[in-house]
Amino acid sequence: MGEQLRLPGDSEHFSIPYEKLLNPAQFTAVTTTSGPLLVIAGAGSGKTRTLTYRVARLVEAGVEPDSILLLTFTRKASQEMLKRAAALLDSRCNKVSGGTFHSFANHILHRFAHIIGFENGFSIIDRTDSESLINIIRKEMGFGNKNYSFPRKKTLINIFSQAINKAIAVEDIIYDDYFQFRPAMEDICSLAREYKKRKVEHRFMDYDDLLVYLLAILKEHVSIREELSNKYQYIMVDEYQDTNLIQSEIVYLLAGEHHNIMVVGDDSQSIYSFRGANYKNIINFPDIFPNTKIIKLEENYRSTQTILNLTNIIIERAADKYSKTLFSQNRHGQIPILALTDNENSQSLWIVKQIQQLQKKGVKLNKIAVLFRASFHSFDLEIELGRKALPFVKVGGFKFMEAAHIKDVLSHLKIIVAGLDKISWYRILLLLNKIGPKTAEKIYLGLSYAGGGLEGFLTYCGSHKIASALIPLKELLQSIAPDIMTVDQLGTAVINYYTPILQARYDNYPKRMKDLEHLLTIMERYDSLDQFLTDMALEPPNTSMNKSMVADTASQNDKLTLSTIHSAKGLEWHTVFIIWALDGRFPSVHSFYNDETMEEELRLMYVAATRACSNLYFSCPRQVYDRSADMFLNQPSRFIDQLPEDVLKISYI
DNA sequence: CCACACTCATTTTTT
DNA sequence: ATGAGTGTGG
């Protein structure tokens, strides 16, 4: 265990001077290539750097690139790391297997789909699709019309998803966390069963299914598990604190044959429990893999010591953690400031003023970020920024792929690939005049009776009234030849057809039209419609502007960032503003009576504050009334309240 | 019976 | 900016 990989040459023959370029802890992490390894990487401690060098090291030592598996939180992260590794060493690093758990699962399941009963493949449905399907079923089964309250579709999918990701029965989730829906328990459970059944019938997989089926295959088919484990001889998992139970089991089985498994993470930065992430995975890792070597990276290369003094205090209050204290060589810096303002708007104005002053001092806008707990927290600020013509990009919150008009266009494309996709047919049909839910159901039944797909639909004839309503759609689908047309030709055809509908439905259609043009430019890069749709479900672009596609002029790149804290994970800025640092907003009132949720809010504040390199500001209005909780919020966030003057300065605006 | 226009409420975080 | 619920009119 812990023995170093020795291959022809040994260390003096490595072309990269690892020892010189890394600090001692990083160097040990990079050169410990066999056996289980847990790296606790504090914020800004060079985690990405360590992973990158480790990939290069393995490849340089002669390991086949595609037998290295690098699992990351976003595909962007893995591409970035492999790109950097390739720049360090050579292009072999680009052949390393990598991606998110979900994209990896998709890749494997594609190969073994027949084993789990998906002989004809499957398509991936995103969260909104799941919601629509649940809603369709709910209406069919007549739930929600009774005298007790029934959860809305968002809540339902949350319940189902938590049940799966935490391996808890739906009944128990309701009993523990959704007490108000206990009268509807029976209905909810049968809805859950029906949802599961319906997904199989339609060959749909939601995000959770990807992981569940992968785990099932690994568990039940020893030969496949061994084959995969032998193929992926070196496994690395980034952001391990945000994995859930299923993911940790997948990792365990994949590493089963060799235990060459390195996980990197920071239990203090676990912020995804709402989707089943469990920071205990990282705490328990050494128990699951005996003889785990543990390395802590504690030197911070990002922030000044004045910022770390504050963040260390914040995280000290966390109950259960690998204790670590970050330190920086950068001793001097400005003490973080908490600004108390009269109300929400004066908070926005204060932020704008600070940003303008920073600009005068020569700080570029793209070095500044405003972070917040929930995406609607920035609405007022967005208006003020607009007034002062300060350009910004917003990350997180409402997503490009979830906008109604994008989903509309995608639905038309989906029925070309999967002719019986009920979710998409519904969506398309409801766009037409004279067609509501009932008629849509009728048409759907008719076209599936006729064999489904384009042909089924084209041969379907309903009553006169229905037939005339369907004429434009039939014309579109008649003109489409999926085998001959390119992906963007198909997209163009659909968008041309959809444009009049868009104009009739939305006052702001020019803006939405631009989004559709953007969608087309993405489609141009694909030569398989199926692949395009899969990627849109698995790795949707999360801002409406894709940086790599815009010419890199200085002015276009120099924008302020507005971001949810979740979306800011792993990033850093010269100056960071954390707005709404108000007790009740952050932490949110929803977490007041739940210790575990409160702990997570604390970690979230830690993540936010550790994004800052030089300047860190908090702000909050002195008092606001919260209607839903029926209380006045008038205390700064408990995570930064009552701190000594030399750690946090308070400023009354 | 069914579509549609209108109202009101409601928003944590996301692969 | 959407979703659910309600009343009207076809």
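Pro587 sits in the loop between strand β13 (573-578) and helix α26 (595-609); helices (H or I, at least four residues) and strands (E, at least two) are DSSP runs, numbered from the N terminus. The peptide bond from Phe586 to Pro587 is cis, with omega near 5°. The model is a predicted one, in which local features need pLDDT of at least 70 and side-chain atom pairs count only at pLDDT 80 or more, while totals for chains, interfaces and linings use all residues. Residues are numbered from 1 along each chain as its sequence is written, chains are lettered from A and ligands numbered from 1 in the order in which they are written, and side-chain values use heavy atoms, with hydrogens and water left out.

Most peptide bonds are trans, and most residues other than glycine have a negative phi. Ala389, which is not a glycine, has a positive phi of about 55°. Its place is the loop between α16 (379-387) and β11 (392-395). Ala389 is exposed, with a relative accessible area of 62%; exposed means over 50% relative accessible area, buried under 20%, and partly exposed in between (1.4 Å probe, protein chains only). Gln642 also has a positive phi, of about 60°, and lies in the loop between β16 (631-633) and β17 (649-652). With a relative accessible area of 70%, Gln642 is exposed.

Glu299 belongs to the loop between β8 (293-297) and α14 (305-316). Glu299 is buried, at 15% relative accessible area. Leaving aside residues up to four places away in sequence, Glu299 touches Asn23, Gly44, Ser45, Phe327 and Gln329, where contact means heavy atoms within 4.5 Å. With Gln329 there is also a side-chain to side-chain polar contact of 3.0 Å. A polar contact is a pair of N or O atoms within 3.5 Å; within protein, one must be able to donate a hydrogen and the other to accept it, and residues adjacent in sequence count only if both atoms are side-chain atoms.

The remaining topic is the DNA. Around DNA strand B there are 24 residues, the closest being Arg373, Ser375, Lys434, Thr439 and Ser567; a residue is near a strand if one of its heavy atoms lies within 4 Å of it. Helix α19 (residues 437-449) supplies the largest share of this surface, three residues. By type, the surface has eight nonpolar, eleven polar and five charged residues, with Ala, Val, Leu, Ile, Met, Phe, Trp, Tyr, Cys and Pro counted as nonpolar, Asp, Glu, Lys and Arg as charged, and the others, Gly among them, as polar.

Phosphate oxygens of DNA strand B lie 2.8 Å from a backbone N or O atom of Ser375, 2.5 Å from a polar backbone atom of Lys434 and 2.9 Å from a polar side-chain atom of Ser567.
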